[in-house]
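Have the viewer open as you read.

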There are 2 protein chains.
Amino acid sequence: MKKKKETIKALIELIRPLNCLMVSIGVIIGSFTGIGVDFSFASLIFLAVLVAVVVNMGGNSLNDYFDREIDIIAHPKRPLPSKRLTPKFVVIFTVSCFIAGIFFSTFINPFCFAVALVSVIVLILYEKYLKNKGLIGNMAVAYLTGSIFLFGGAAVGRIMAPVILAVLAFFATLAREIIKDVEDIAGDRKERQTLPMKIGEKNSVIIADFCLAGAIFLSFLPLVKNILGKGYLIVIIADVVFIYSMFIAFKNPRSAQKAIKIGMILALISFLLANI
Amino acid sequence: MKKKKETIKALIELIRPLNCLMVSIGVIIGSFTGIGVDFSFASLIFLAVLVAVVVNMGGNSLNDYFDREIDIIAHPKRPLPSKRLTPKFVVIFTVSCFIAGIFFSTFINPFCFAVALVSVIVLILYEKYLKNKGLIGNMAVAYLTGSIFLFGGAAVGRIMAPVILAVLAFFATLAREIIKDVEDIAGDRKERQTLPMKIGEKNSVIIADFCLAGAIFLSFLPLVKNILGKGYLIVIIADVVFIYSMFIAFKNPRSAQKAIKIGMILALISFLLANI
């Protein structure tokens with residue numbers, strides 16, 4: 001009986017509740033970006049959150065599975081290195097999550113099914129091949145972030161604004177991932193082959209800055225097309241933060257990547273307020 | 001000429017632009033909590049942001065002044081230990097910021113003047129006496145966080161909802177600071193005299209959990225009084241996160257304090273959406 005309780009505890013650690021929560025919030029923001037803060041879509045949004053969380057649980061579990069050797073040194077207390085869960089159990093759990101997530105997504109609509117399926121494929125590719133592969137790995141992470149908002153919008157069937165938010169999130173996340181690799185270049189030298197190692201720190205920052213410029217450009221689309229309300233003007237503060245990040249990225253990558261995170265949160269808030 | 005440019009750069013580092021940005025956002029959220037997303041109060045909100053940022057610049061500058069000895073080892077690149085600014089210059093700059101901030105606040109209204117004045121006093125007391133003094137130091141940090149939202153609400157003259165937000169932020173920040181001290185107990189042993197060192201880790205977590213319970217209780221007030229719109233329901237997710245933090249705080253203080261930060265952001269979003 002005690003063992004069962006320990007297994008459940010280990011399983012909760014494996015799925016990373018905080019991470020799942022962030023994904024839930026992303027899906028909710030994605031759907032509210034489509035329809036405004038509207039609880040009449042509650043059941044569809046709930047289903048979308050369920051699918052996203054289950055897929056994300058699978059992704060986190062898969063991550064622990066692939067990192068199980070490294071984690072013996074790096075994170076010995078995690079469920080696998082501490083032997084509270086077996087690798088076999090984690091694989092079965094991961095596959096179950098992925099299948100359940102894709103299955104549930106069919107009850108929403110075909111577009112959600114497609115997004116869920118592609119995300120599962122990207123998650124597997126990322127863990128198996130792309131994690132340490134520089135730009136393409138960064139792009140996978142950025143896609144997965146953007147897809148959360150896209151999924152929320154797709155669930156409620158309005159995707160014009162959510163697509164803009166998703167692509168903006170893609171660019172901002174890509175910039176942040178690249179700058180994080182610049183920040184970590186010394187520590188990564190042994191284990192990863194990152195973009196700044198291949199093309200140099202300066203060139204990497206230039207690419208990251210282009211991504212941020214893309215995010216800023218996208219943020220103006222809803223203003224030009226006049227599809228969003230006045231609350232969306234908060235996005236201008238987000239843009240100021242992105243511009244600030246562009247300027248400090250080379251000298252101070254740590255501050256720049258933190259600033260991009262703040263900019264992203266501001267952009268999310270502006271999209272949330274956009275339907276007022 | 002080159003020296004002047006270097007001085008300006010050092011000054012920008014001293015005031016911590018990211019920190020100032022967060023304060024600006026806090027003031028804006030505080031005022032929007034009072035009046036909804038309403039740009040007809042733009043000039044008052046702008047003035048409030050200016051005051052808050054100038055006072056915060058002074059606070060950051062004062063912090064670098066008091067830490068100048070420790071930073072020779074801990075942060076040798078900062079403006080003072082790297083000798084790009086002199087202690088005398090930093091003191092003059094700090095005092096100027098505080099005086100300018102308090103002076104500008106008189107143009108908003110007497111309530112804003114009072115909040116600005118008290119915040120300056122707390123900032124000075126904190127740096128001079130309270131920083132390493134356990135609970136009272138944590139309370140000073142929590143007050144300063146809460147006062148940002150209070151200030152924003154006071155600027156637009158509607159303080160019912162902003163006061164609730166400010167006190168909620170006070171409790172959540174206090175809980176987070178205490179749990180951070182539990183997390184850092186090993187590293188702090190030499191330098192600081194924190195609450196968990198005085199009363200033990202378990203008792204500290206119990207106090208933090210009471211603070212979180214206070215934050216949760218406060219979050220229900222607007223629902224009971226029916227003063228906020230349906231978008232405020234997002235606060236329920238924030239409460240779930242606070243409850244989650246309460247349960248994991250003893251076993252995993254690091255995750256708990258991170259979760260409280262997420263809960264705070266969610267609570268802020270719910271207050272922002274509350275006027276829809």
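The sections below cover the ground rules, the nonpolar core, salt bridges, cavities and backbone angles.

## Ground rules

This is a predicted model, in which local features need pLDDT of at least 70 and side-chain atom pairs count only at pLDDT 80 or more, while totals for chains, interfaces and linings use all residues. Residues are numbered from 1 along each chain as its sequence is written, chains are lettered from A and ligands numbered from 1 in the order in which they are written, and side-chain values use heavy atoms, with hydrogens and water left out.

## The nonpolar core

A nonpolar core here is a set of buried Ala, Val, Leu, Ile, Met, Phe, Trp, Tyr and Cys residues joined through side-chain atoms within 4.5 Å. Buried stands for under 20% relative accessible area, exposed for over 50%, and partly exposed for values in between (1.4 Å probe, protein chains only). The largest such core has 182 residues, and those with the most contacts inside it are Phe151(A), Phe242(A), Phe151(B) and Phe242(B). Helix 8 of chain A, residues 160-183, gives the most to this core, with 12 residues; helices (H or I, at least four residues) and strands (E, at least two) are DSSP runs, numbered from the N terminus.

Which residues does Phe151(A) touch? Leaving aside residues up to four places away in sequence, its partners are Val27(A), Ala48(A), Val51(A), Ala52(A), Ile108(A), Cys112(A), Val115(A) and Ala116(A). A contact means heavy atoms within 4.5 Å.

## Salt bridges

A salt bridge is counted when a side-chain nitrogen of Lys or Arg lies within 4 Å of a carboxyl oxygen of Asp or Glu. By this rule there are 18 salt bridges over all chains. One of them joins Arg78(A) to Asp64(A), with the closest N and O atoms 3.8 Å apart. This pair links distant parts of the chain: Arg78(A) is in the loop between helix 4 (70-74) and helix 5 (87-105) of chain A, and Asp64(A) is in helix 3 (residues 42-66) of chain A, 14 residues apart. Arg78(A) is partly exposed at 24% relative accessible area, whereas Asp64(A) is buried at 3%.

Another salt bridge runs between Asp67(A) and Lys131(A), whose closest N and O atoms are 2.8 Å apart. Asp67(A) sits in the loop between helix 3 and helix 4 of chain A and Lys131(A) in the loop between helix 6 (110-130) and helix 7 (135-155), so the pair ties together parts that are 64 residues apart in sequence. Asp67(A) is buried at 15% relative accessibility, and Lys131(A) is buried at 16%. Within helix 8 of chain A, Glu177(A) and Lys180(A) are three residues apart, about one turn of the helix, and their salt bridge has its closest N and O atoms at 3.4 Å. Glu177(A) is buried at 15%, while Lys180(A) is partly exposed at 24%. Shared partners also join Arg16(A), Asp64(A), Asp71(A) and Arg78(A) into one salt-bridge network.

## Cavities

On a 1 Å grid over the protein atoms alone, a cavity is a set of points where a 1.4 Å probe fits but cannot get out, and lining residues have an atom within 4 Å of a point. Grid points are joined across faces, edges and corners, and a volume is the space filled by probe spheres set on the points. How many cavities of 30 Å³ or more does the structure hold? There are two.

The largest cavity has about 70 Å³ of space. Its lining includes Ile234(A), Leu266(A), Ile25(B) and Phe32(B), and helix 2 (17-35) of chain B and helix 13 (253-272) of chain A each give two or more residues. Helix 2 of chain B gives the most, with four residues. The second largest cavity has about 50 Å³, and its lining includes Ile25(A), Phe32(A), Ile234(B) and Leu266(B). There, helix 2 of chain A gives the most, with four residues. The lining of the largest cavity has 10 nonpolar, no polar and no charged residues, and the lining of the second largest cavity likewise has 10 nonpolar, no polar and no charged. In this count, Ala, Val, Leu, Ile, Met, Phe, Trp, Tyr, Cys and Pro are nonpolar, Asp, Glu, Lys and Arg are charged, and the others, Gly among them, are polar.

## Backbone angles

Most residues other than glycine have a negative phi. Arg16(A) has a positive phi of about 55 degrees; Arg16(A) is found in the loop between helix 1 (2-15) and helix 2 of chain A and is partly exposed at 22% relative accessibility. Lys83(A) also has a positive phi, near 65 degrees. Lys83(A) lies in the loop between helix 4 and helix 5 of chain A and is exposed, with a relative accessible area of 74%.

Definitions and conventions: On a 1 Å grid over the protein atoms alone, a cavity is a set of points where a 1.4 Å probe fits but cannot get out, and a pocket is an open set with protein on both sides within 12 Å along at least five of seven lines; lining residues have an atom within 4 Å of a point.
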